[in-house]
Amino acid sequence: KTMNAQAELFSVDRYEAFIKFHHENPQVFRIFQERALEMIKTGRKHYSARTILEVARWDIHLQTNGEPFKINNNHIPFYAKLFSEAQPEHRNFFRKREAA
């Protein structure tokens with residue numbers, strides 16, 4: 001496979017893993033969205049999606065798949081994108097890296 005084909009396949013695999021996790025654990029996005037909106041209310045124009053999920057790891061006693069809260073870091077950009085779609089008026093709150 002070419003490098004681009006491998007990168008595309010890798011992205012598809014990450015996306016599919018995120019979708020599975022998201023459907024099994026909808027509470028994670030609810031918390032993510034609540035925290036992002038809290039940051040917006042404080043006057044912030046931008047914030048880190050990674051920070052929101054790191055704080056959730058420490059502060060929130062969530063259950064994911066019946067176990068203590070665990071989330072793959074690969075899911076973070078997908079949560080930022082999902083937030084942008086759910087809250088279009090705040091679509092630029094999370095800055096996104098350009099794919100190489």
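## Exposure and the model

A residue is called buried when its relative accessible area is under 20%, exposed when that area is over 50%, and partly exposed in between, using a 1.4 Å probe and protein chains only. By that rule Glu24 is partly exposed, with a relative accessible area of 39%.

The structure here is a predicted model, in which local features need pLDDT of at least 70 and side-chain atom pairs count only at pLDDT 80 or more, while totals for chains, interfaces and linings use all residues. Residues are numbered from 1 along each chain as its sequence is written, and side-chain values use heavy atoms, leaving out hydrogens and water.

Let us start with charged side chains. A salt bridge here is a side-chain nitrogen of Lys or Arg within 4 Å of a carboxyl oxygen of Asp or Glu, and the count comes to 2. Helices are DSSP runs of H or I with at least four residues, and strands are runs of E with at least two, numbered from the N terminus.

Glu24 meets Lys20 in one of these bridges, at 2.6 Å from N to O. The two residues are 4 apart in helix α1 (residues 3–24), about one helical turn. Lys20 counts as exposed, at 51% relative accessibility.

Lys81 is partly exposed, at 48% relative accessibility.

## Aromatic pairs

Now for the rings. Rings of Phe, Tyr and Trp (its six-membered ring) pair if their centres lie within 6.5 Å; planes under 30 degrees apart are stacked, over 60 edge-to-face, and the rest tilted. Searching the whole structure gives 12 aromatic pairs. One of them joins Phe32 and Phe83 edge-to-face, with 6.4 Å between centres and 75 degrees between planes. This pair links distant parts of the chain, since Phe32 sits in helix α2 (residues 26–41) and Phe83 in helix α4 (residues 76–86), 51 residues apart. Both Phe32 and Phe83 are buried.

Tyr47 and Phe93 have ring centres 6.5 Å apart and planes at 15 degrees, so they form a stacked pair. Because Tyr47 lies in the loop between α2 and α3 (49–59) and Phe93 in the segment after α4, the pair ties together parts that are 46 residues apart in sequence. Tyr47 is partly exposed, with a relative accessible area of 24%, whereas Phe93 is buried at 3%.

## A cluster of rings

Ring pairs also build a cluster, whose members include Tyr15, Phe18, Phe29, Phe78, Tyr79 and Phe94.
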